[in-house]
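Here is a quick tour of a chain, written for someone who likes to know how each number was defined. Have the viewer open alongside.

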Amino acid sequence: MTQQMSQQSSFILDYWCEYYNTAPKQVVDDDDDVHNMILLIHQVLSNNPLLYDSQNFPTYVEVQMNIQAFFQTLNQDDLMNVFIDEPTKFISSISLALHGIKHKKIVLRIYNIPESEQLMSAQVGKYVCTVGTIIQTGPPKLQLLKAMYECIPCESTRWAQADEKGAFQPLQNCDNCSKPFTLNRNKSEIVLYQKLKLMDSKGMQITIEFRQNLVSSFMSGDIIKIHGILMALQDDPKSALYSKYIKVYHAQSAFHVDQSDRFSKQEYKQMLEMQKNGELFHALIQNFCPTIYGHEVVKAGLLMSIVGGHTGNRPNSHCLLVGDPGQGKSQLLKFVQLVAPNAIYISGTATTQSGLTCTVNRRDNETIVDAGALVMADGGVCCLDEFDKMNGQHNALLEAMEQQTVSLAKSAIMCQFHARTTIIATANPVSGCFQRNKSVVENIKIPTTILSRFDLIFLLIDIPDPERDKKLSEHIMRLHNQKQSKIEYQTQIRSHEFKNLQDRIRLGCKTEFQISIPFMRKILKFVKTQKPKQTVGANKMIQDYYLRIRSQALSTAIPITTRQLESLIRLSQARARLMMKPEVTQEDAQFAIEIFEESRFDCFQVHVARYGRNNQNLNFSNVSTLSKPKQTQVFLEELHQRTLERQSQDITIDDIKEVAKKINLSVGDLGDFIEKLNNETLLIKKGSQLYKLNYKTF
């Protein structure tokens, strides 16, 4: 080796002890593989400064490096597996080579290796990559990396280097005078240290360690992607048990990054084909929880709630399912958990306020903040079953549902966590079955302050219907016979019949596209990235509708406020997302209005039941968009008001036609509809033009 080359490579000997625990050689050895590797890396990085990003700090330089691009520059792609198996050697060599360039201590952050499917014992000591949610954060501490010991009598000094696990053997006595050494904490090398706990997508929990400027960079509930060395730590000196942990070298925010969420070419082509044909939304509805028959409007609402909007302070659309037992509410909720990104399922019967939000605990004399369900589901969906059985803990949801945060002030700790979480909840009536003469608030005993935060509130009430009951029983029998189950939709609906929302959705759900649960999850995650723009026509339609229902708001109903206006905007954006449109059109706004009417009708209908004499103030312009049973109820309530005014149960065919026209009744042929009511003894025919109303309001 020439004298000039020897001078250029002298940095290896000068900085060797910074990165290796062994003593350096006297000279740079041409036959030493490690020396040759460091020189090669030094040359490549000197000639290709774009291979890394650096940031200067007072005592060190942080360097972030795409290791895959680095090996491609070396034309040594096969070195990736060697690096993964023996990361410590490579990290030390690259750091030392960079030290020779930057002339400052290097903190190396290596990233871009294949994501590890599962952290097994065979991977201990290897460089791994994983994605997970932070569920626990510990306090920042100081860790001793390099200890300086002084002998006060003879003034000699010695250094003790910590091993890769952060442990070192303290020095006892001086070699010169045999006097005890004293640790000089001021001159020792100390770094920031923090311990956290991570939970991956499969529910596995693992401890991770941050150092240097990674400390306090993330909080509970954050989804991060980390690169580091998987290590094992003995639980007790006398124990044969070891715990896994990851010494993190690189960490970044990874909002719902998941290798399994990537489309295959065939899946992407199928999604674009459905979008081009305008069948994507209906295909999702048709394949959403196929074990539950019907409820197309509810399924459409759940899909819109999962997707949500993308503007305003709160883009999330919360949804509540209320109804009689046995209507499939919990099954729908479980299916939401399967297809929604970052979804968590909890039950109100086994949930505390701390379990929902966050809590402070003391463990091993440390103050640790544990994240609750709303924080862990940040950016996803919290499926809350048995919402009515939370025993007065609903107030814990107020801040998270509107401000999208969870604040904590306890044990001298004051902090705030993100809770950008969509809440989809189910509730049963207090009395066991829904009392139609009572409001939703009275049936489930939930404050209106909570109910007003839900964009959609669906009532699933068990109403006997011979035709539907027959189809439902056939559907259940097929499931138990282990045959392929597919919902049968009415095929004899004529174009002029049943123009309400339920039947329009049902007519659209005749696509031949089959969507599996993993495929649906990918689609929903993809459409959540879309940001359709609001159009003037859609805004005008939503604004006009809001002003109309605002002027007709009833004091007995859930209050109509600007929250409902924002709900309509979010729902219209959700529908445009599910259709993969670049803009929110008037069609999307109209669908949002109709599904809002459909979901909220039963919540406000108590006014019709109790205060029917004032029903001339009600708005019937959107009754035609409701389902047939709900239109029937409005129709019979209006007929009942006529009989009260005349003090007679008899009503003429002209009165029936007038009422049908007044409320914009849309149930197909009126004659067939009246005949059906006659068969059900709700309208008893007394003559060719005369009927008797046999309907009692509450």
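Predicted model: local features only at pLDDT ≥ 70, side-chain atom pairs only at ≥ 80, totals over all residues.

Is His103 buried or exposed? His103 is exposed, with a relative accessible area of 56%; exposed means over 50%, buried means under 20%, and partly exposed is in between, all with a 1.4 Å probe and protein chains only.

## Ground rules and overview

Residues are numbered from 1 along each chain as its sequence is written, and side-chain values use heavy atoms, with hydrogens and water left out.

The chain has 26 helices and 25 strands. Those are DSSP runs numbered from the N terminus: H or I with at least four residues for helices, E with at least two for strands. Of the 698 residues, 51% are buried. Take the contacts (heavy atoms within 4.5 Å) between residues at least 6 apart in sequence: 70% of them join residues at least 24 apart.

Two strands pair if DSSP finds at least two bridges between them. Strand 1 and strand 2 (residues 61-66) run antiparallel over five bridges, and Tyr52 has Met65 in strand 2 as its bridge partner.

Axes here are lines fitted to C-alpha atoms (for helices, over the stretch in contact), and angles run from 0 to 180 degrees between N-to-C directions. Ser95 belongs to helix 7 and counts as buried, at 3% relative accessibility. Setting aside neighbours within four places in sequence, Ser95 touches Tyr19, Ile106 and Leu108. His103 comes in the loop between helix 7 (87-102) and strand 3 (106-111). The phi of His103 is near 55 degrees, which is positive although the residue is not glycine.

## Helix 10 against helix 11

Helix 10 (residues 296-307) and helix 11 (residues 329-339) pack at about 35 degrees, with axes 11 Å apart. Their crossing is right-handed, meaning that the near helix is turned clockwise from the far one by less than a right angle. Helix 10 brings Val298, Lys299, Leu302 and Ile306 to the contact, while helix 11 brings Leu332, Val336 and Val339. That makes six nonpolar residues, no polar ones and one charged. In this scheme Ala, Val, Leu, Ile, Met, Phe, Trp, Tyr, Cys and Pro are nonpolar, Asp, Glu, Lys and Arg are charged, and the others, Gly among them, are polar. As background, an α-helix has 3.6 residues a turn, so residues three or four places apart point the same way.

What about the loop between helix 11 and strand 13 (343-347): which residue lies there? Asn342 does. Asn342 has a positive phi too, near 50 degrees, in a residue other than glycine. Asn342 is buried, with a relative accessible area of 15%.

## Helix 21

How many residues of helix 21 are buried? Twelve of its 17 are, so the helix is mostly covered. Among the buried ones are Gln564, Leu568, Arg570, Arg575 and Leu578.

Helix 21 (residues 562-578) reaches 24 Å from its first C-alpha to its last, close to the 24 Å expected at 1.5 Å a residue; the expected span is 1.5 Å times one less than the number of residues. Met580 follows helix 21, with a positive phi near 55 degrees.

## The sheet 23-25-24

Another open sheet has three strands in the order 23-25-24, with antiparallel pairing. Its edges are strand 23 (650-652) and strand 24 (683-685), each pairing on one side only. Neighbouring strands are turned by 40 degrees against each other on average, direction ignored.

Strand 23 and strand 25 (residues 690-693) pair over three antiparallel bridges, and Ile651 has Tyr691 in strand 25 as its bridge partner. Helix 25 (residues 653-662) packs on this sheet and touches strand 23, strand 24 and strand 25. The direction of helix 25 makes about 75 degrees with that of strand 23.
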